[in-house]
Amino acid sequence: MRLLQSNARLLLLWLLLGLVAGCATKPAREPAQKVSGSTPAVSASVPAAPASSSTPPTASAPPTSLPPPSVSTPPTASTPPTAEPTRPADYLQRVGFNDIPGWTDDDQREAWAPMLASCRALATKPEWKPVCSAANLVDATDAGAVRKFFEQYFVPHQLRNPDGTTQGLVTGYYEPLLRGSRKRGGVFQTALHRPPADLLTIELSALYPELKNFRLRGRVVGNKVVPYFARSELEQQNILADATLLWVDSPIEAFFLQVQGSGRVFLAESNETVRLAYADQNGHPYRSIGRYLVDRGELTLEQASMQGIQAWAASNPRRLKELLDANPSYVFFKEEVISDPSIGPKGALGVPLTAQRSIAIDPQFTPLGAPVFLSTTRPNSSVPLRRLMLAQDTGGAIRNPIRADFFWGFGKDAGELAGKMKQPAQMWVLLPTALAVSAR
């Protein structure tokens with residue numbers, strides 16, 4: 001890491017931030033359906049990009065985390081980059097539990113297992129220690145005792161947009177199942193890859209704590225750091241030939257695996273199923289292929305769901321590469337053994353996700369591990385969906401205070417729900433007393 005040993009090179013890295021940085025831990029999970037609105041959920045600017053990937057936020061990241069600094073005017077070599085702090089009071093409104101619609105209708109016992117999982121990651125943090133110590137004494141079978149625990153040890157805060165409004169967006173994601181092989185042959189012609197040896201990842205948080213959610217990614221050419229290859233370049237130049245993990249039978253399913261960030265692959269030759277977990281990303285911003293098709297009149301907004309894109313791909317196989325190359329982001333995986341098929345993949349918090357009780361959030365506004373009450377509706381429906389969730393994951397497309405990705409679980413049924421979910425939502429984060437915003 002000699003690149004970081006001189007001020008001149010530090011300045012070079014800062015100038016590269018807009019080119020090779022990504023933010024959040026996972027690839028921007030931005031399935032095709034997330035294409036409506038005047039501003040796409042994932043923009044070309046850094047770090048508003050999925051699955052996205054970069055530095056996992058720390059589990060204790062408080063709601064006072066600083067927003068991404070502007071890079072329009074690079075700092076001098078002697079001046080560290082600065083950022084205007086975002087005050088919790090700007091996006092959090094302290095309320096009472098009686099102000100949360102549906103709070104008493106939800107069975108919070110169903111959120112107890114993920115709550116304990118959050119405590120496994122947070123118990124050593126001073127603000128969480130009393131909460132997690134008390135959780136060990138609660139009778140998890142007693143609905144009243146569980147609700148009393150949340151009401152006694154947490155203070156609810158409604159999340160707000162910069163303009164003071166309280167409505168945002170919730171989308172869905174899931175853990176897919178693909179068919180694959182360890183050897184290329186027959187229908188197995190699409191490769192999934194581990195991080196390549198020449199992918200350079202540079203941590204900036206040691207020098208600038210306000211950049212703790214950022215990493216620089218690139219490669220060394222001579223004595224310079226340049227952006228890593230985009231998706232189209234990786235395939236055209238066969239750059240990943242030595243980094244192949246597995247081969248699967250569908251390029252579009254491989255793409256959506258990258259969007260989701262993790263998944264399982266059934267290997268017919270050995271009759272085993274392995275899990276592929278997110279390992280890294282090439283540093284390029286995520287671009288929605290659903291938006292690409294809508295902008296070109298290929299699909300309507302209503303048709304641009306994950307299922308709609310899969311149908312378009314099946315009808316236009318010769319244009320599939322054009323479509324996939326519209327998204328320069330590329331995700332790399334690592335293989336994991338599945339010891340218990342009922343346990344979900346790990347999220348950014350480092351604990352397994354729980355189907356229909358875990359969400360991905362923006363850690364700049366909601367601390368990882370915190371309980372979040374979500375008020376929305378079921379996919380493509382007006383049927384209320386109001387329940388206590390745990391903020392246990394992040395995603396590059398998940399940006400803004402009232403923005404969540406709902407984890408539906410594993411398999412085809414979960415995928416059907418996740419692919420159709422794009423619902424308005426309100427959110428209340430439950431903060432330990434030590435992190436609560438003063439009442440106003």
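Q: Why is Q158 called buried?
A: In this predicted model, Q158 has a relative accessibility of 14%. Buried means under 20%, so Q158 counts as buried.

Q: Where is Q158 found, and with which residues is it in contact beyond its neighbours within four places in sequence?
A: Q158 belongs to strand β3. With neighbours within four places in sequence left aside, its contacts are Y91, L92, Q93, V95, T166, Q426, M427 and W428.

Q: What makes A370 buried or exposed?
A: The relative accessibility of A370 is 0%. The cut-off for buried is under 20%, and A370 therefore counts as buried.

Q: Where does A370 lie, and what is in contact with it?
A: A370 is placed in the loop between β14 and β15. Neighbours within four places in sequence aside, A370 is in contact with W128, M389, L390, A391, V429 and L430.

Q: Why is Q356 called partly exposed?
A: Q356 has a relative accessibility of 26%. Partly exposed covers the range between under 20% for buried and over 50% for exposed, so Q356 counts as partly exposed. Its place is in the loop between β13 (331-337) and β14 (358-360).

Q: How do you know whether N380 is buried or exposed?
A: N380 has a relative accessible area of 61%. Exposed means over 50%, and N380 is therefore exposed. This residue is found in the loop between β15 (371-377) and β16 (384-393).

Q: Which residues of α7 and α9 meet, and of what kinds are they?
A: From α7, I252, E253, F256 and Q260 meet M306, I309, Q310 and A313 of α9. The residues of this contact divide into five nonpolar, two polar and one charged.

Q: Which residues of α9 are buried, and against what do they pack?
A: The buried residues of α9 are M306, Q307, G308, I309, W312 and A313. They pack against β4 (168-175), α7, α8 (289-295), α10 (320-325) and α11 (412-420).

Q: How many residues has the largest nonpolar core, and which have the most contacts inside it?
A: The largest nonpolar core has 74 residues, and M115, W128, F149, F150 and F406 have the most contacts inside it. Strand β18 (residues 422-432) gives the most to this core, with six residues. Another core, of 14 residues, lies apart from it and includes A254, L257, V265 and L267.

Q: With which residues is M115 in contact, leaving aside its neighbours within four places in sequence?
A: The contacts of M115 are W128, V131, F149, F150, F154, P371 and L390. M115 is also one of the buried residues of helix α3 (residues 112-122). The buried residues of α3 pack against α4 (129-135), α5 (143-153), β3 (154-159), β15 and β16.

Key. Residues numbered from 1 in each chain as written. Predicted model: local features only at pLDDT ≥ 70, side-chain atom pairs only at ≥ 80, totals over all residues. Heavy atoms only, no water. Contact = heavy atoms within 4.5 Å. Helix = DSSP H or I, 4+ residues; strand = E, 2+ residues; numbered from the N terminus. Nonpolar A, V, L, I, M, F, W, Y, C, P; charged D, E, K, R; others polar. Core = buried A, V, L, I, M, F, W, Y, C linked by side-chain atoms within 4.5 Å. Buried < 20%, exposed > 50% of the residue type's maximum accessible area, 1.4 Å probe, protein only.
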